[in-house]
There are 2 protein chains.
Amino acid sequence: VETTLREIGLLEDVGSLLSWDQEVNLPAHGTEARAAQIAFITAEAHRRLTDPRFISLVRELLDAKDSSEEQRVNLALVLEDADRAAKLPTDFVSAQAELQSKGYAAWEEAKPRGDFAAVAPILAELIAMARREAEYVGFSGSQYNALLHSYEPYARIEDVLPVLLDLASSLAPRIAALPVQGADAAPLGFQLTVDQQRILCRKVIERIGFDFESGMLSESAHPFAETCGPHDQRLTVTFRESDPLDALYSGLHEAGHGLYEQGLRRDFHRQPLGTSVSLGWHESQSRFWENIVGRSEPFCAFLLQEMRTLFPGVDGLPLDAGPLWRNRNCITPGLIRIQADEVTYNLHIAIRTLIEVELVEGTLAVSDLPSRWEDLYQRYLGVAPRGHHEGVLQDPHWYCGLIGYFPTYTLGNLYSAMLWDKLKVEHTGVEGDIESGDFLPILSWLRNSVHAHGRRHRPLELCKVATGADFSSTAFLNYIDQKLGRLGTVS
Amino acid sequence: VETTLREIGLLEDVGSLLSWDQEVNLPAHGTEARAAQIAFITAEAHRRLTDPRFISLVRELLDAKDSSEEQRVNLALVLEDADRAAKLPTDFVSAQAELQSKGYAAWEEAKPRGDFAAVAPILAELIAMARREAEYVGFSGSQYNALLHSYEPYARIEDVLPVLLDLASSLAPRIAALPVQGADAAPLGFQLTVDQQRILCRKVIERIGFDFESGMLSESAHPFAETCGPHDQRLTVTFRESDPLDALYSGLHEAGHGLYEQGLRRDFHRQPLGTSVSLGWHESQSRFWENIVGRSEPFCAFLLQEMRTLFPGVDGLPLDAGPLWRNRNCITPGLIRIQADEVTYNLHIAIRTLIEVELVEGTLAVSDLPSRWEDLYQRYLGVAPRGHHEGVLQDPHWYCGLIGYFPTYTLGNLYSAMLWDKLKVEHTGVEGDIESGDFLPILSWLRNSVHAHGRRHRPLELCKVATGADFSSTAFLNYIDQKLGRLGTVS
């Protein structure tokens with residue numbers, strides 16, 4: 001059992017490296033062979049996990065008297081994973097992985113041209129495969145639940161979608177009440193070169209606790225984080241000349257993912273007790289560092305000080321943190337999810353979730369996706385994309401088969417606000433710590449409250465364990481109201 | 001058979017990516033897990049290649065009436081490889097791969113500190129494993145032959161070492177006759193930033209025919225080339241502020257390797273007919289582009305023109321190609337192999353070959369390696385390293401288990417001069433082509449003469465096929481004499 005678990009872990013790390021490398025390095029003509037490599041490695045892992053001999057050995061070990069409580073919890077989850085994986089034929093898993101890799105490559109090529117027609121066929125295939133996956137593993141209620149389970153285990157879309165739509169309804173009047181403002185309502189007034197952005201991003205990420213001896217930062221078309229080994233955590237960002245802080249905030253987000261992974265138990269690497277509990281919880285960590293910490297007033301004060309020290313020659317840095325904070329909190333309905341503020345972000349998620357449920361349930365055809373996208377953006381955010389590159393092609397998720405992933409972003413926002421409430425109670429000086437750049441108390445708290453558990457608790461149980469409260473949107477709405485209030489009064 | 005060959009190919013490509021990534025990206029603490037990943041992937045490939053069922057299926061197919069001549073040639077070589085591989089236990093192969101990866105990491109850490117003591121134990125282990133490998137596969141004459149076979153199949157050190165030492169003896173009086181000159185005898189007189197070096201390197205490599213849609217260029221501690229897929233050829237260089245053209249010439253060298261790989265038959269990717277015939281032939285390609293083309297007068301004229309166009313603002317570019325050509329051909333005994341001129345380079349190789357034969361045959365202990373190195377450098381080149389970083393630690397080869405590799409560099413020089421003689425006869429306008437930057441005729445000729453054959457011929461047979469002559473040092477010595485003559489008369 002131990003050998004097989006080790007081999008599966010090695011294969012998963014290698015598979016992650018193949019994906020990471022595809023997004024960061026791979027030459028244009030290398031995509032086909034890469035898809036074949038990923039498919040092969042995925043199949044090798046699946047074959048081991050679903051080997052009946054392995055499964056029966058796990059069962060035996062689970063019943064063995066000398067297994068520790070920890071081993072038993074871990075093995076029970078391995079068994080659960082294996083039983084689920086065994087419902088899928090290895091050939092299917094392999095073909096799906098191959099198509100996902102090819103889909104990513106097709107998206108990467110099509111996005112700059114805004115060429116949705118070029119990727120529509122592969123998207124249709126990916127959705128068909130997702131539906132077959134759901135048929136294989138089984139589901140109750142919506143077919144979508146089978147997919148959602150891969151990202152947010154045990155969640156049901158019948159519960160999640162109302163949360164997302166209620167939140168959208170609650171946020172709508174708040175957004176409507178905002179003063180009308182242009183995109184440059186709070187301009188930054190300074191510029192950073194790409195080299196400076198790179199230095200700043202690395203420096204701040206290191207400061208919040210990311211271990212660069214067990215991780216690295218590079219560039220890709222779409223920011224992401226990937227685990228390629230127990231001490232090999234990889235983050236990527238995209239540098240844009242036009243916004244000097246955009247990459248930093250992407251970096252904070254991805255570093256949030258990376259810190260979670262670096263905080264997992266390495267003695268259970270790639271096993272349930274050393275794995276993240278859900279994508280929603282993963283997003284709670286990334287959104288926590290990006291937003292709750294990153295878009296706070298004390299953090300902006302810290303950041304301003306940091307930039308003054310790093311770049312004494314840069315003109316136009318504000319005299320105090322106010323303008324910076326205001327800039328990072330421009331609440332404006334826009335087109336691009338990853339550049340959205342904390343409030344409207346959730347509308348981007350509601351739209352995507354509505355659409356992917358429809359795609360999976362078969363009530364929306366891929367050919368109608370762009371018009372559905374435009375309708376929903378008009379209705380929820382009042383904006384219209386000028387091309388598919390800022391519409392249906394903006395995110396890679398669907399095109400690389402991450403279907404069922406999107407709702408976890410808003411779940412992450414909701415978890416993160418609950419964590420923040422709890423942290424403030426347990427650690428009253430937290431805002432001062434942030435301002436002085438001392439992030440260790442926050443990281444230690446997150447490590448103990450969330451990271452250390454791995455998958456020991458189910459996502460909603462972890463919510464109770466870590467925050468002491470039942471899952472709800474209340475903390476997040478209060479957090480937003482406080483921020484909006486402060487944005488309205490401070491000038 | 002086809003499926004297994006395909007899987008082995010996928011595993012080899014994945015293994016190459018893991019190695020490439022280790023040298024280019026891997027975080028410091030990621031090395032242990034990476035070694036385990038490489039060991040595992042290597043074992044999976046070895047297990048498939050040596051599976052008795054696979055071997056007997058290959059035998060059957062080889063005898064099948066409907067196999068084409070091409071398939072038979074390919075399968076016979078597969079069988080030869082498999083029979084040899086089967087003499088090695090998979091556990092041994094896996095442990096060796098793991099140790100090699102760890103050795104590279106240890107070398108990378110020790111080199112900047114010049115700390116030979118830190119890597120001596122792992123080097124001793126690697127040599128012990130190399131000796132065990134020789135015992136497993138068997139050998140006639142020197143134990144070293146078993147290792148040499150992995151790099152230059154069918155070659156025997158009893159034949160190769162005299163060639164290397166005779167060449168050294170022939171070159172010694174020529175070197176002694178050179179006018180005494182300082183390291184700055186022919187200074188370049190201009191500088192390029194690292195960014196400019198990067199642009200130049202990429203541009204020139206592309207110009208000689210390297211396909212960047214099926215390959216890429218990045219940076220690492222030691223320049224190398226690696227094949228990670230049929231359309232995924234990776235080159236690395238190291239940029240140094242102090243020499244504006246150093247990275248370019250490393251790049252030409254690595255691109256020579258890359259062009260060979262890109263010229264192999266992709267329908268036999270990672271199979272004998274789509275694999276390089278030997279390391280000596282590989283080096284013939286890299287040394288051909290780096291030296292025979294790169295250090296020629298017409299190439300220097302082309303390069304000067306290229307720099308004028310790319311960097312109109314750079315001060316100090318010479319008025320004609322003479323000073324550039326003279327600078328690239330400073331014949332001076334030095335300490336660093338990869339910065340050596342075409343003449344003294346072969347002494348660096350003779351030294352390393354002498355040493356590695358002694359290490360493998362057990363007549364030299366690892367602890368005595370530094371003093372042996374110093375003695376030989378004193379004797380052959382009259383120079384003394386100021387520290388191990390420019391002595392025994394300068395090259396990674398031994399520390400990552402590439403033992404038996406070094407002689408192939410000089411074999412490559414000898415092959416490359418023979419190729420050049422033949423090319424000049426078949427294509428009289430070649431020097432004009434180089435000067436005008438039209439490298440396609442050369443590349444096409446190399447593709448037909450060398451690349452297209454894969455491993456169809458043995459190395460010495462290929463020499464006859466490609467150059468029409470029997471292998472010897474004559475062409476190379478004539479080439480050197482012509483160059484020395486011209487360097488002596490042109491001012």
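Of the 491 residues in chain A of this predicted model, 59% count as buried. The accessible surface of the chain comes to about 18,800 Å², and carbon and sulfur atoms hold 51% of that.

How does the overall size of chain A sit with what you'd expect of a globule? A compact globule of 491 residues would have a radius of gyration near 23 Å, and chain A has 22 Å, so the two agree.

On secondary structure, chain A has 20 helices and 3 strands.

Now for the partner chain. Chain B and chain A meet through 36 residues from chain B and 36 residues from chain A. Between them they bury about 2,700 Å², with 63% of it on carbon and sulfur atoms. On the chain B side, Pro27(B), His29(B) and Phe40(B) lose the most area to chain A, together 21% of what that side buries.

| Residue | Helix | Helix residues |
|---|---|---|
| Ser101(B) | H5 of chain B | 90-113 |
| Leu487(B) | H20 of chain B | 474-489 |

Is Ser101(B) buried or exposed? Its relative accessibility is 5%, and the cut-off for buried is under 20%, so Ser101(B) counts as buried. Which residues does Ser101(B) touch, once neighbours within four places in sequence are set aside? The answer is Gln22(B), Arg34(B), Ala35(B) and Ile38(B).

Leu487(B), over in helix H20, has a relative accessibility of 14% and therefore counts as buried too. Leaving out neighbours within four places in sequence, Leu487(B) is in contact with Trp325(B), Arg326(B), Asn329(B) and Ile331(B). Take Asn329(B) from that list: Asn329(B) and Leu487(B) are 158 residues apart in sequence, yet their C-alpha atoms are 8.2 Å apart in space.

Key: Residues are numbered from 1 along each chain as its sequence is written. Chains are lettered from A and ligands numbered from 1 in the order in which they are written. This is a predicted model: local features need pLDDT of at least 70, side-chain atom pairs count only at pLDDT 80 or more; totals for chains, interfaces and linings use all residues. Side-chain values use heavy atoms; hydrogens and water are left out. Helices (H or I, at least four residues) and strands (E, at least two) are DSSP runs, numbered from the N terminus. The radius of gyration is taken over C-alpha atoms; the globule rule is 2.2 Å times the number of residues to the power 0.38. Buried means under 20% relative accessible area, exposed over 50%, partly exposed in between (1.4 Å probe, protein chains only). Accessible areas come from the Shrake-Rupley method with a 1.4 Å probe; for residues, only the protein chains shown count as cover. Contact means heavy atoms within 4.5 Å. Buried area is the accessible area (1.4 Å probe) that two parts lose on being put together, summed over both.
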